[in-house]
Amino acid sequence: MDKSSGVGVLDKAVLVLAALEAGPASLAQLVTATGLARPTAHRLAVALEHHRLVGRDLQGRFVLGDRHAELAAAAGEDRLVAVAGPLLTALRDSTGESAQLYRRHGDHRICIAVAERLHGLRDTVPVGTSMTMGAGSAAQVLLAWDDPERLSVELHQAKFDASALAGVRRRGWAHSVGEREPGVASVSAPVRGPSGRVVAAVSVSGPAERLGRHPGRRHAEAVLAAATSFSAALQPADSLATTS
């Protein structure tokens, strides 16, 4: 099927935005991903940046801009947030721990939904909290399936390494103890969009003294089930109908 709209500059701009779906990209990486000439890729990226459809991370790489989230919220079509409430509540109730949903934004991950533990000692992460991509099980999940060329830069100051991310890909989930914050443990799994790309990470977190040194043994199954439910909720309605 021909994906060209017939409006050349628009099609090329969409190529740039599609390339940035996978994460931050240097100009050279944009050229490789889009097949555009270097001057064209640069001109389009800078023009999209002017309209806040593209931004820059701390390394100066191009990332998707804030305008996308604003448009999604205005349209009321952020499906991920819309389905988060009951799914996170179910995960919290099945594990007894606080549950969160994280989305990547450049060099950081943002908590976009949460279901707090109802009582007792908990790991409180308010919606909107911005965290580093260099520590924590959710960061591991959001990076594990990233482009290897990007990873070489992103792992430079991370508290985990490439071998740890290989383990995440092999198991399908990540856990950490004291990596993001002393005394806090967590377990995370990837949420995938219709194309199969990782679009978010669903997590449970709590005191390490309660979750233990190997929290994945206790909660990986529940977190993976929640991730599967999130991923299913993101599938187009027509694809769900054909598989039911």
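G65 counts as buried at 10% relative accessibility, where buried means under 20% relative accessible area, exposed over 50% and partly exposed in between, computed with a 1.4 Å probe on protein chains only. The structure is a predicted model, in which local features need pLDDT of at least 70, side-chain atom pairs count only at pLDDT 80 or more, and totals for chains, interfaces and linings use all residues. Residues are numbered from 1 along each chain as its sequence is written, and side-chain values use heavy atoms, with hydrogens and water left out.

**The loop residue G65**

G65 is placed in the loop between β2 (62-64) and α4 (67-75). Helices (H or I, at least four residues) and strands (E, at least two) are DSSP runs, numbered from the N terminus. When neighbours within four places in sequence are set aside, G65 is in contact with R52, L53, V54, G55 and H105; contact means heavy atoms within 4.5 Å. From C-alpha to C-alpha, G65 and E49 are 7.3 Å apart in space, while 16 residues separate them in sequence.

Helix α1 (residues 8-20) consists of 13 residues and spans 19 Å from its first C-alpha to its last, close to the 18 Å expected at 1.5 Å a residue. The expected span is 1.5 Å times one less than the number of residues. D11, A13, V16, L17, A19 and L20 are the buried residues of α1.

Two packed helices are described by the angle between their axes and the distance between the axes. The axes are lines fitted to C-alpha atoms, for helices over the stretch in contact, and angles run from 0 to 180 degrees between N-to-C directions. Two pairs are listed below.

| Helix pair | Angle | Axis distance |
|---|---|---|
| α1 and α2 (residues 27-34) | about 110° | 9 Å |
| α5 (residues 79-95) and α10 (residues 215-233) | about 160° | 10 Å |

The packing angle of about 110° between α1 and α2 makes α1 roughly perpendicular to α2. Angles under 35 degrees count as roughly parallel, over 145 as roughly antiparallel, 65 to 115 as roughly perpendicular and the rest as oblique. The crossing of α1 and α2 is right-handed; a crossing is right-handed if the near helix is turned clockwise from the far one by less than a right angle, and left-handed if anticlockwise. On the α1 side, L15, V16, A19 and L20 meet L30, A33 and T34 of α2.

T34, in helix α2, is buried, with a relative accessible area of 12%. Apart from neighbours within four places in sequence, T34 is in contact with L15, V16 and A19. The T34 side chain also reaches the backbone nitrogen of L36 at 3.2 Å.

**Helices α5 and α10**

Helices α5 and α10 pack at about 160°, which makes α5 roughly antiparallel to α10. Their crossing is right-handed. The contact is made by R79, L80, V83, A84, L87, L88, L91, S94 and T95 of α5 together with H219, A222, V223, A226, S229, F230 and A233 of α10.

R218 is also found in α10. Not counting residues up to four places away in sequence, R218 touches R210 and L211. The C-alpha atoms of R218 and V187 are separated by 9.2 Å, and these residues lie 31 residues apart along the chain.

**Q100 in strand β3**

Q100 lies in strand β3 (residues 98-105) and counts as buried at 1% relative accessibility. The side chains of Q100 and S205 are joined by a polar contact of 2.9 Å. A polar contact is a pair of N or O atoms within 3.5 Å; within protein, one must be able to donate a hydrogen and the other to accept it, and residues adjacent in sequence count only if both atoms are side-chain atoms.
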